[in-house]
Amino acid sequence: MDRRNFIKKSSYGGVALSLGLHLAACRSINAVSGKINPISICTWGFVDANAAAGRALENGNNALDAAIKGVNVEEKDLKNTTVGNGAAPDREGNVTLDASVMDHQGNCGSVVYVQDIQNVASLAREVMDHSPHVMLAGDGAYQFAINRGFKKQNLLTDNSKNQYREWLKTSKYKPVINIENHDTIGVICRDINGNLSGACSTSGLAYKMPGRVGDSPIIGAGLYVDNEIGAAAATGLGEEIMKTVGSFLIVELMRNGKSPQEACEEAVKRTAKRAANPEDFQVAYIAMNKAGETGYYSLQQGFAMMEYSNGTNRRKESAYYLKT
Ligand code: SD4
């Protein structure tokens with residue numbers, strides 16, 4: 001390429017780049033208020049949870065407060081048997097919960113294997129804000145919760161107990177994809193200051209082995225935030241998500257120039273290629289970059305993401321990797 005062509009091509013590139021940045025900025029700035037447009041996304045079809053997070057952002061809450069408010073909605077909802085109160089127990093009949101949070105400054109907190117505390121994402125935030133540690137487990141996490149004013153609560157509902165008794169009749173451990181074990185909530189928010197944060201909460205897998213911990217409380221696997229680049233959250237089989245440190249991987253792929261959508265697709269493909277039996281489980285991701293662009297992708301059919309932006313809460317059905 002001669003010098004003149006090079007200069008010509010470079011200037012086209014410059015125009016394309018500034019056009020791209022302009023488009024990104026349009027998505028970022030609210031036409032009416034002139035402020036940065038707050039956005040909330042979450043895993044699965046959690047309409048109320050995502051609306052709660054989105055409205056909190058519009059009311060000026062920071063991204064972490066808003067993300068936790070969204071997650072708290074599902075932790076309280078007895079219909080969700082994979083999060084908080086009403087969650088399915090492990091194979092000994094105990095409900096044990098995992099959660100994590102990460103803010104725009106790179107602070108993070110998580111709790112694993114916590115019993116008798118409903119709002120474990122809030123507890124993870126307490127660990128982040130009021131302990132010298134990042135992660136607390138089991139009895140230690142429970143004691144910390146009580147010390148910080150959380151209430152002891154029996155989270156095993158009659159419904160979960162009955163289903164568990166049914167399960168005990170066969171004790172067969174083969175979760176049905178997208179039906180059992182797939183209501184983990186991960187919320188990523190961008191606030192009116194343009195800062196990103198996230199929160200994630202789950203009981204993991206129904207009838208898991210006692211002591212089992214999944215990806216959701218593992219920073220980098222179930223959740224990761226880098227305020228300069230973007231954020232990602234995971235749902236699905238934690239054993240597979242942990243093997244690729246999926247959420248961190250997505251943020252790093254975005255750092256290297258991929259869009260949130262491309263990054264989610266790449267992370268799912270990596271799992272699909274390395275797993276011995278990808279048709280037997282689900283893995284799905286959501287992601288947002290600093291410009292407010294979002295992405296979502298899953299291994300199997302059936303995943304959806306909620307996105308709240310400009311006052312509208314929309315469900316988006318996910319594209320998926322494994323075609324039948
Ligand atoms: C786990 N990733 O503990 C969680 C399960 C999940 O929706 O996402 N359920 O492995």
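## Aromatic pairs

Two rings of Phe, Tyr or Trp, the last represented by its six-membered ring, count as a pair if their centres lie within 6.5 Å, and planes under 30 degrees apart make the pair stacked while planes over 60 degrees apart make it edge-to-face. In this predicted model, the count by that rule comes to 5 aromatic pairs. One of them joins tryptophan 44 and phenylalanine 303, whose ring centres are 4.9 Å apart and whose planes stand at 85 degrees, so the pair is edge-to-face. Tryptophan 44 belongs to the loop between β1 (39–43) and α2 (47–58), whereas phenylalanine 303 belongs to the loop between β10 (294–298) and β11, so the pair ties together parts that are 259 residues apart in sequence. Both tryptophan 44 and phenylalanine 303 are buried.

Tyrosine 164 and tryptophan 167 present another geometry: with ring centres 6.4 Å apart and planes at 20 degrees, the pair is stacked because that angle falls under 30 degrees. The two residues are 3 residues apart in helix α6 (residues 158–170), so about one helical turn separates tyrosine 164 from tryptophan 167. Tyrosine 164 counts as buried at 11% relative accessibility, and tryptophan 167 likewise counts as buried at 12%. Together with Tyr207, Tyr164 and Trp167 form one aromatic cluster.

## Threonine 235 and its surroundings

Threonine 235 is located in strand β8 (residues 230–236) and is buried, with a relative accessible area of 1%. The side chain of threonine 235 makes a polar contact, at 3.0 Å, with the side chain of tryptophan 44, which is the residue whose ring pairs edge-to-face with that of phenylalanine 303. Leaving aside residues up to four places away in sequence, threonine 235 touches Thr43, Trp44, Thr184, Ile241, Gln282, Val283, Ala284 and Phe303, so that both members of that aromatic pair are among its contacts.

According to an unreviewed UniProt entry, the annotation "binding site" covers Arg212, Val213, Gly214, Asp215, Thr235, Gly236, Leu237 and Gly238. From this set, the lining of the largest cavity takes in Arg212, Gly214, Asp215, Thr235, Gly236 and Gly238.

Aspartate 215 lies in the loop between β6 (196–202) and β7 (223–226) and counts as buried at 4% relative accessibility. With residues up to four places away in sequence not counted, aspartate 215 touches Ala221, Gly222, Ala234, Gly236, Gly238, Ile241 and Met242. Glycine 238 is placed in helix α7 (residues 238–244) and is buried, with a relative accessible area of 0%; on the same exclusion of sequence neighbours, glycine 238 touches Arg212 and Asp215.

## Backbone angles and a charge over a ring

Most residues other than glycine have a negative phi. Tyrosine 113, although not a glycine, has a positive phi of about 55 degrees; this tyrosine lies in strand β3 (residues 108–114) and counts as partly exposed at 22% relative accessibility. Asparagine 310 also has a positive phi, near 50 degrees, and is found in the loop between β11 (304–309) and β12 (312–317), where asparagine 310 counts as exposed because its relative accessibility of 52% is over the 50% cut-off.

A further contact with an aromatic ring involves a charged group: the charged end of lysine 323 sits over the ring of tyrosine 320, 4.4 Å from the centre of that ring.

Note on methods: Residues are numbered from 1 along each chain as its sequence is written. This is a predicted model: local features need pLDDT of at least 70, side-chain atom pairs count only at pLDDT 80 or more; totals for chains, interfaces and linings use all residues. Side-chain values use heavy atoms; hydrogens and water are left out. Helices (H or I, at least four residues) and strands (E, at least two) are DSSP runs, numbered from the N terminus. Buried means under 20% relative accessible area, exposed over 50%, partly exposed in between (1.4 Å probe, protein chains only). UniProt positions are given in the numbering used here, feature names are shortened, and annotations may be inferred rather than shown by experiment. On a 1 Å grid over the protein atoms alone, a cavity is a set of points where a 1.4 Å probe fits but cannot get out, and a pocket is an open set with protein on both sides within 12 Å along at least five of seven lines; lining residues have an atom within 4 Å of a point. Contact means heavy atoms within 4.5 Å. A polar contact is a pair of N or O atoms within 3.5 Å; within protein, one must be able to donate a hydrogen and the other to accept it, and residues adjacent in sequence count only if both atoms are side-chain atoms. A charge sits over a ring if NZ of Lys or CZ of Arg is within 6 Å of the ring centre and within 35 degrees of the ring normal.
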